[in-house]
Every structure is written in structure tokens, then in C-alpha cells.
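The sequence and model come first.

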Amino acid sequence: MANYIVEMDSDTHADASAAASAITTAGASITTTFSLSMTYLIDSTADQLAAINGVKYSADADADSGVGLQALSTHHFRYLDNRFSISDDPAANSDVSRYEFGDWEPKYSGNGKTIYLVDSGINHSHTEFANATISNLHSAYGSDFADSTGHGTSMAGLMVGRNIGLARQATVKNVKLFNEASGNVTLGNVINALDAVLTDHNSGNVADVKVMCAPWTTSQNNLIDSKIGELNSANIVVVAAAGNQNDNVANYSPAGVDEIITVGAHDNDRKIASFTNTPWDGGNASVAHPNYGAQVDIFSLGVDVTTCSHISSVVYGKATGTSMATALVAGGAAAYVEKHPSENSNRIKEILIAEGSIKGKRMLTLDTTGTSAQLTQINQSLLMLDSGGSDETVDLSNTFPSGKILNVQRGQTANVDLDINTNLSNISIVEFSPLPPFATWSNVAPHVVTVDVTSLDANLSPANYVFGVRGTTASGFMVMEEFTVGIYNTATTELDSANNYYYDAENTEYDLAESVDFISSFGRHHQGQNIK
């Protein structure tokens, strides 16, 4: 007999009762029924497992799964972008007064929101957590929630640290899955950790969007990917690291799950880090690799990031890797959840990417198994959040954040009022990101966008069409948003995997969104508030 985790196929079994009956009919016994859908820990022989009708995925619960975190570099201390600088090396002098903290006061900081950190534990004693709300939810090691590697502490600091955290008012729930920076963890422990997250989420208001940060990778596993997808569908924004193997991101879990937010790393010059996993075809240099909407959704700062260390309550360290970038995006996601409380997890993902992206071509050479490939059209994203206390925080639309405003079936006509903020002036369509020819709008209030696709070419659907609108605040600050109109044939679900296009008015053609170079509305630069 052995322990197996099985996910039963919902297409075969009408409900959980039928699935459980199929397991016991084959002679196996159910040890644990997870909150995760149709997922069970069973005790059975290999023959009994094979005899169970309607198993979707199965795996040995006690089998080791190699997991890689991000090794921290704590020997050199400098700064985290323009928000945080250190005058000299605290390894020589640990007096916290020698640290120079930048002024970081975002308008939204995750107030009342929850981030599940699935990592190596957290050492709560660091000065960064003096005002943080951190609770212990689940540990694969009994009552041990402490961090012996520093990884989880580092991630928590970037999310809720009082000086370096993007979402300092959020609550972090500590889910300890690892006890070392890299090595093996059983598949059973992974599933138990994910189940603990879902159970906790379901115990409260499931309409309240939460964030889960998974700054680690393991070899691609169908069961893990399925359960990660289930969390995402349950109204949890899952943010995962792309990984540091300089490889095809599809080879890793949970990074390769399309529905979640997968994060790559760039440096202080916004150049994509060479170690970042990306979509890759095995060496075909002639293929363009856009990441917008693909497995790697957003790039954030992941090189020489200063964060808190687990070794002392006043020590900070410099770290590099997609883990750092993932923690920053997870903190940013919590802030977006606070800003848009009525949106579900899928819309939060769409808004975050749309509002925080810089689109342009980047050349990146991957050297994998001795083969080089030129990757082009990589969508590089810059996460930025509003500051408080000035009209730079004015939203363009009172109703719509960046992203989807309307879906229209081909052959039909529809319209929507953008509800532009009356405090803005000089409202106009961005000239290099115009409306497509089948859409018109009124440049005076009410700013109604009318979409007429009664005679649209069938080759242009399904697709999402992007256009930009801008306005000016009283102090002369420009606010810009990009909005999307979806055109589908028979069902809106066609748009989930459809391409995004901009209309090129000069050449009267449609360009893939990845190849248009501009900074969207949250590409704001003002002293002390630039988040990379």
C-alpha cells in the first residue's frame, strides 16, 4: 500500500460522492478529502489505483519534487531602486540609523487585503515587520513557521515591510512549505499547502479577492498546475515566479499556468535578466516570442533588490532573481485589489498588466543546451502605483480602470460611456494608439464609444482591440489609460486566448499589441514614487 494524491475527472463523475465511490469501489481507501475540487489523498496499491475509474491526475504523495527558491546574496548591501538607499555596508556596522529610507507613501497599500505567502516561513522579529500584520496559517513542519533560509522573510519584507513593502497595510498569511532554499519537497506537502490556502479563502468572504505569492518553481507537474488553476478560479490572484533557469517557462510549475500572473525579472536599466525563464521554442531564432498574455505576463525589478534578512532584526541584504520580482508584483496586486474592490481575480490580472505595462521590442539571447535564440517582442512591464496627496492620482475614468470596457459580437453594434473624470481637460485619443476604424467616440461629454461591427471582416474576429485616451490635470500632469474592446463570433470565451491589436492609422493595418512602443497610464515618474 502507498499514499497517492488523485484528482478525479469531473467529466466522468457527476459529483464528489460519485468520485469517492469510484475510489472505494476499486478497493482503495480515502485518507483525506481536500477542499480542492475532487482531490483526495488515498491509501492503495498500484493495481487498485489503476482500477479507479475516472482519474484525471495521480501522483505518489510521498515522492520528492525538486523545488528551487532564490538564493539570497547577503554579503553586499546597497539600495532598492529610488525608494531605499543605504549609506554604507551594515555588515560592518549594523546600526539601523545608518540606513537611509526613501519616502514611499502610495495611495493604495493593500489595506484590508490578504496575501498568502507560500514559501520558507517568516522571521517576524525584523524591524521591517514592526507594524505588519502577519499570521501563521499552515506549515509542512508542524508548529515550525520560522525561516531558516531567509527566502520567505525576504519576500514578506518586499510585500508588507514598513519601509520597503509595496502593500504594507495588507495581511500576510504564512504558509511554510520549504525548509531550505532548494531541494526536494513531497508532492503531498505541496497539495496540502495549496489546500490550506483554498480552505482559508473559502472560510471567509469568497468575493473578497485575495493574492497568493508563489516565488518558487518545480518541474512541470499536471496535478500542481491543475490545483493552481483552481485557486485562480476561486478568486485568488496567483502570482508566481517565472524561474531562474534560462529555459522554457512551460517546463516549470506553477510558472507555466496561463491563467495566473507569471513574473520575470529585469534590472535597474529595465533590461530583461538573462536568467529569466521565458516562452521559448528550443532554438528557432526566426520565431518572435511575445509574452503579453502568454505564460510570462509581467516583468518587474529582480536584480540587486535590497530586502530584509532573516539573520538579524536590523540587517538588510541584496538579492537577485525572479523571486524578488514576484514579491513586488504580489504586493502591487494587493494594492490593485484595494483600488478595485468590485473586480474579480481575472480582472485584477488584466488591470494590473494593462495599467502597468511598457510595450516594446527587446532582444534577449537565451543560451540553453548550447543553443542561442533571439527573442523579440518581449513585453516588459513596469509596475507603478499612485502616490497620495496630489492630483497625479486622478483617475481618467470614474467607472473603468485600464483594460476591457466592452465585448461586442461580430455583426452587432454597441456603445459605452467612458465616464471621463470632469476634473480633467484636453481629453483626446492618443494619436499613436487610435480607435480602430469600426469604432467612434465623442470628444465632448458624455464620452461615448460606439462600436459598429455589423460588416467587420471575419478575419478580424475574435480579437481584442486596444486604444489610448489621455487628459490633463489642473497642474498639467498627463493621465493616460488604455482600454480594450473585444470582438467575438459566438461566445465571449473566444476572447480569452485572442490576440490584442492596435490600429496603425498610418499604414491602415492592425499591429499586434506587443510591437507598439508606449507607456500606459501608470507609467508615472515623480520623485520617491517610481516602482520598478
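## Helix α5

Ten of the twelve residues of α5 are buried, so the rest of the structure largely encloses this helix. Buried means under 20% relative accessible area, exposed over 50%, and partly exposed in between (1.4 Å probe, protein chains only). Helices (H or I, at least four residues) and strands (E, at least two) are DSSP runs, numbered from the N terminus. Among the buried residues of α5 are D225, K227 and E230.

At the N-terminal end, N221 caps α5, with a side-chain oxygen 2.9 Å from the backbone nitrogen of L223. Just after α5, N235 has a positive phi of about 85 degrees.

## Basis of the values

The model is predicted: local features need pLDDT of at least 70 and side-chain atom pairs count only at pLDDT 80 or more, while totals for chains, interfaces and linings use all residues. Residues are numbered from 1 along each chain as its sequence is written, and side-chain values use heavy atoms, leaving out hydrogens and water.

## Nonpolar cores

A nonpolar core is a set of buried Ala, Val, Leu, Ile, Met, Phe, Trp, Tyr and Cys residues joined through side-chain atoms within 4.5 Å. The largest has 45 residues, and M159 and V211 are among those with the most contacts inside it. Helix α6 (residues 322-339) gives this core its largest share, ten residues. Another core, of 31 residues, lies apart from it and includes V175 and M212.

## Residue T493

T493 sits in the loop between β31 (478-488) and β32 (500-504). Its relative accessibility is 55%, so T493 counts as exposed.

Conventions:
Polar contact = N/O pair within 3.5 Å; in protein donor to acceptor, adjacent residues only side chain to side chain.
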